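Subject: Structure handover

Hello,

I am passing this structure on to you. Please open it first, then read my notes below.

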Amino acid sequence: MTDAVTTARLQDWLRRAAAALSENADYLTQLDSAIGDADHGTNMNRGFTAVTAKLDASAPADIPALFKTVGMTLISSVGGASGPLYGTLFLEMGKNSPADGEMNAADLEKALRAGVAGVVARGHAEAGDKTMIDAFEPALEALSASVASGGSAAEAVTAAAEAAKKGSDATEPLVARKGRASYLGERSAGHIDPGSVSATILLRTLGEALTESAG
């Protein structure tokens with residue numbers, strides 16, 4: 001089994017993510033219709049469709065270039081707050097990825113941590129605000145714990161995805177303190193945050209890509 005996270009495996013992830021976001025577009029929009037602009041599913045689907053089109057047209061030479069391409073494409077093609085936030089995630093991951101062809105579990109942890117830090121800096125959200133950070137923060141904790149105990153990249157990301165799902169589910173009773181949902185005040189409670197769901201989808205598909213391509 002190889003633990004190397006290569007450009008090819010990351011491209012596989014992005015295609016899996018695009019397929020999953022397309023499949024869940026209606027669900028994400030349904031969630032967003034309750035507490036947002038009812039466009040999260042449509043926006044994420046459009047953004048990742050554009051990402052796969054970019055990859056089809058020209059495969060980036062290395063991991064930093066891949067993440068930069070994804071980030072810039074999302075910023076230019078996704079409406080609302082999601083484009084700049086997810087774009088920042090990938091741009092910061094690119095800046096913090098090695099350019100020598102592949103990453104190990106610790107490199108991936110560093111990149112994801114930098115990416116989430118970029119999202120926090122841009123959106124000024126923290127855990128408990130009912131945003132994608134409620135999925136990303138527990139995911140990072142689980143990721144770090146797995147890497148520290150010697151887990152492979154696939155094992156670490158799988159653990160992160162499971163923690164993200166729990167964090168996302170836990171947004172349901174929260175009152176939103178950031179984003180469009182915060183305008184609703186107490187009425188935002190009782191609904192799962194759509195951004196936390198899309199964040200979970202990204203981590204789940206990354207875990208699947210790394211697990212199924214290992215061997």
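Which residues line the second largest pocket? The lining is made up of N24, Y27, A161, E162, K165, S168, D169, I192, V197, T200, I201 and R204. Please keep in mind that this is a predicted model. The volume of the second largest pocket is about 210 Å³. Two elements, α8 (153–169) and α9, each give two or more residues to its lining. Helix α8 provides the largest share, five residues.

Next, the core. The largest nonpolar core has 57 residues. Those touching the most other members are L10, W13, F48, Y86, F90 and L108. Helix α9 (residues 194–212) supplies the largest share of this core, eight residues. Take F48 as one case. Beyond its neighbours within four places in sequence, F48 is in contact with L14, A17, A18, L21, L74, F90 and L202. In general, nonpolar side chains tend to be buried together in soluble globular proteins.

Now helix α4, residues 63–77. D62 caps the N-terminal end of α4. A side-chain oxygen of D62 lies 2.8 Å from the backbone nitrogen of A65. The buried residues of α4 are I63, P64, L66, F67, V70, G71, T73, L74 and S77. They pack against β1 (5–6), α1 (7–23), α3 (40–57), α5 (82–95) and β2 (102–103).

Is T29 buried or exposed? T29 counts as buried, because its relative accessibility is 19% and the cut-off for buried is under 20%. A polar atom of the T29 side chain lies 3.1 Å from the backbone nitrogen of G41. Leaving aside neighbours within four places in sequence, T29 is in contact with A38, D39, H40, G41 and T42.

S33 also lies in α2. With a relative accessible area of 45%, S33 is partly exposed. A polar atom of its side chain lies 2.6 Å from the backbone oxygen of Q30. The C-alpha atoms of S33 and L210 are separated by 33 Å. Along the chain, S33 and L210 are 177 residues apart.

Best wishes

Technical notes. Residues are numbered from 1 along each chain as its sequence is written. This is a predicted model: local features need pLDDT of at least 70, side-chain atom pairs count only at pLDDT 80 or more; totals for chains, interfaces and linings use all residues. Side-chain values use heavy atoms; hydrogens and water are left out. Helices (H or I, at least four residues) and strands (E, at least two) are DSSP runs, numbered from the N terminus. The expected span of a helix is 1.5 Å times one less than its number of residues. Buried means under 20% relative accessible area, exposed over 50%, partly exposed in between (1.4 Å probe, protein chains only). Contact means heavy atoms within 4.5 Å. A polar contact is a pair of N or O atoms within 3.5 Å; within protein, one must be able to donate a hydrogen and the other to accept it, and residues adjacent in sequence count only if both atoms are side-chain atoms. A nonpolar core is a set of buried Ala, Val, Leu, Ile, Met, Phe, Trp, Tyr and Cys residues joined through side-chain atoms within 4.5 Å. On a 1 Å grid over the protein atoms alone, a cavity is a set of points where a 1.4 Å probe fits but cannot get out, and a pocket is an open set with protein on both sides within 12 Å along at least five of seven lines; lining residues have an atom within 4 Å of a point. Grid points are joined across faces, edges and corners, and a volume is the space filled by probe spheres set on the points.
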